[in-house]
Amino acid sequence: MNMLKKNDAIFERAKLVIPGGIYGHQSVKQLPKGYPQYFAKADGAYTWDVDGNRYVDYMCGFGTNLLGYRNPEVESAALAQLMLGDTVSGPSELMVTLAEQFVSMITHADWAMFCKNGSDATSIALVAARAYRNKKKILLATGAYHGAAPWNTPVLKGVTPEDRANIIYFEYNNVESLTEAFKAAEGDIAGLYATPFRHEVFEDAYFPSEDYAKAARRLCDEHDALLIVDEVRTGLRLSRDCVWSAMGVQPDLSTWGKAIGNGHCISAVLGSDKVRQAAEEIFVTGSYWYSSVPMAAALATLKQVQSSQYLEHTIAVAQHLRDGIAKQALAYDFELKQTGPAVMPQMLFANDPDVKTGGAWTVAMLKHGAYLHPYHNMFLSAAHTFADIELTLQASEAAFIEISKLR
Ligand SMILES: Cc1ncc(COP(=O)(O)O)c(C=O)c1O
């Protein structure tokens with residue numbers, strides 16, 4: 001049973017000193033009652049809320065946890081660097097080593113730049129794409145999330161039409177719609193953003209067709225525009241390279257964040273030689289962008305990405321969870337759609353537009369020690385074990401039994 005006494009008391013204090021008590025996507029304001037807002041600690045695949053409840057965590061810090069919370073190699077590299085200095089008057093050698101590492105790992109990359117959040121990376125890519133041929137328009141799939149900057153935030157309060165004046169929308173995975181968008185821009189297209197697969201809240205997730213990915217590449221080439229693949233959410237969790245590499249499609253720019261420092265604050269823009277000069281000419285910076293601790297953490301993360309079976313293990317445990325939950329849904333007669341890759345699963349009940357069933361199911365699971373999300377895609381990490389999945393399956397079965405009574 002998850003008691004949230006301390007959690008609720010902290011939230012009361014927060015309401016006095018933080019607008020609305022909380023902001024942003026880690027707010028539980030939109031979630032059903034029963035979700036903890038504040039966490040005390042994390043380790044491996046687990047988090048503990050401030051009331052001491054322990055959960056097998058399937059949000060993984062919204063994708064920042066790739067190898068497990070407090071991964072020993074990552075933390076000892078970060079700690080060693082912390083002892084030498086973090087943010088000083090310039091970057092350390094680690095920045096160059098990290099750029100070399102990305103360039104050697106990611107097929108399309110000839111250079112790298114580092115920043116803090118995914119939104120920094122996608123905004124740098126936008127400016128670089130416009131600088132490339134001095135063109136203005138940016139093509140975005142309707143409803144696709146690339147960060148909280150005015151050019152893309154899903155909430156329009158405080159955003160002006162001018163902020164979006166040069167954005168053209170098209171339908172994801174629709175070659176015709178994409179072709180029309182290129183036509184509508186009359187030769188003024190700077191870049192096209194693509195996520196490797198469709199992973200929006202409240203929606204079933206899906207991969208685009210190979211035709212779509214290839215059309216995106218071809219149309220960009222025909223219009224001398226840049227293909228920007230946003231790997232902020234997917235990066236390193238689905239592949240050791242850009243995800244569309246498997247289809248033979250290479251972007252000109254790719255944006256990375258979340259998992260690359262295994263929880264340490266760092267994001268990146270990677271680019272091909274074609275965009276090098278534009279990237280050199282723009283001005284982008286941030287007081288903390290040269291900080292060395294997250295770079296040490298990212299290097300230790302990439303080392304394990306290349307030398308361990310983290311990906312294969314994560315895929316295997318994730319598939320075990322997907323199969324187990326599918327079996328239970330069938331047994332308890334619920335139509336539960338599990339979409340997207342198993343390592344980033346989206347779980348939505350059919351005919352549940354207000355997510356009432358989904359919310360009741362995930363809240364019931366919290367009480368049994370598993371933290372899932374009712375409408376956002378989730379994340380598995382290399383620290384999840386088959387034993388953790390078995391514990392989760394006990395929680396999900398108890399939750400199916402509980403929501404069966406609501407019918
Ligand atoms: C695809 C994608 N791009 C960009 C971002 C923005 O990243 P951040 O929240 O680190 O600014 C996100 C965050 O969820 C994302 O999923």
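Predicted model: local features only at pLDDT ≥ 70, side-chain atom pairs only at ≥ 80, totals over all residues.
Residues are numbered from 1 along each chain as its sequence is written, and side-chain values use heavy atoms, with hydrogens and water left out.

So, the layout. The protein splits into domain 1, covering 5-63 + 309-404, and domain 2, covering 73-307; those bounds come from an automatic or database domain assignment. Their C-alpha centres sit 27 Å apart.

How do domain 1 and domain 2 meet? On the domain 1 side, 21 residues are in contact with 20 residues of domain 2, contact being heavy atoms within 4.5 Å. Between them the domains bury about 1800 Å², with 58% of it on carbon and sulfur atoms. Buried area here is the accessible area (1.4 Å probe) that two parts lose on being put together, summed over both.

The rule also finds 2 salt bridges across this interface; for a salt bridge, a side-chain nitrogen of Lys or Arg has to lie within 4 Å of a carboxyl oxygen of Asp or Glu.

Which elements give two or more residues to the side of domain 1 that touches domain 2? They are α2 (60-63), α10 (310-331), β11 (336-339) and β12 (346-349). Helices (H or I, at least four residues) and strands (E, at least two) are DSSP runs, numbered from the N terminus. The largest share of that side, 3 residues, is from α10.

Now for a sheet. There's an open one of 4 strands, in the order β1-β2-β3-β13, with mixed pairing; two strands pair if DSSP finds at least two bridges between them. At the edges are β1 (39-43) and β13 (370-371), each pairing on one side only. Strands β2 (46-49) and β3 (54-57) run antiparallel to each other, over 3 bridges. For Y46, the bridge partner in β3 is V56.

Finally, back to salt bridges: the whole structure holds 17.
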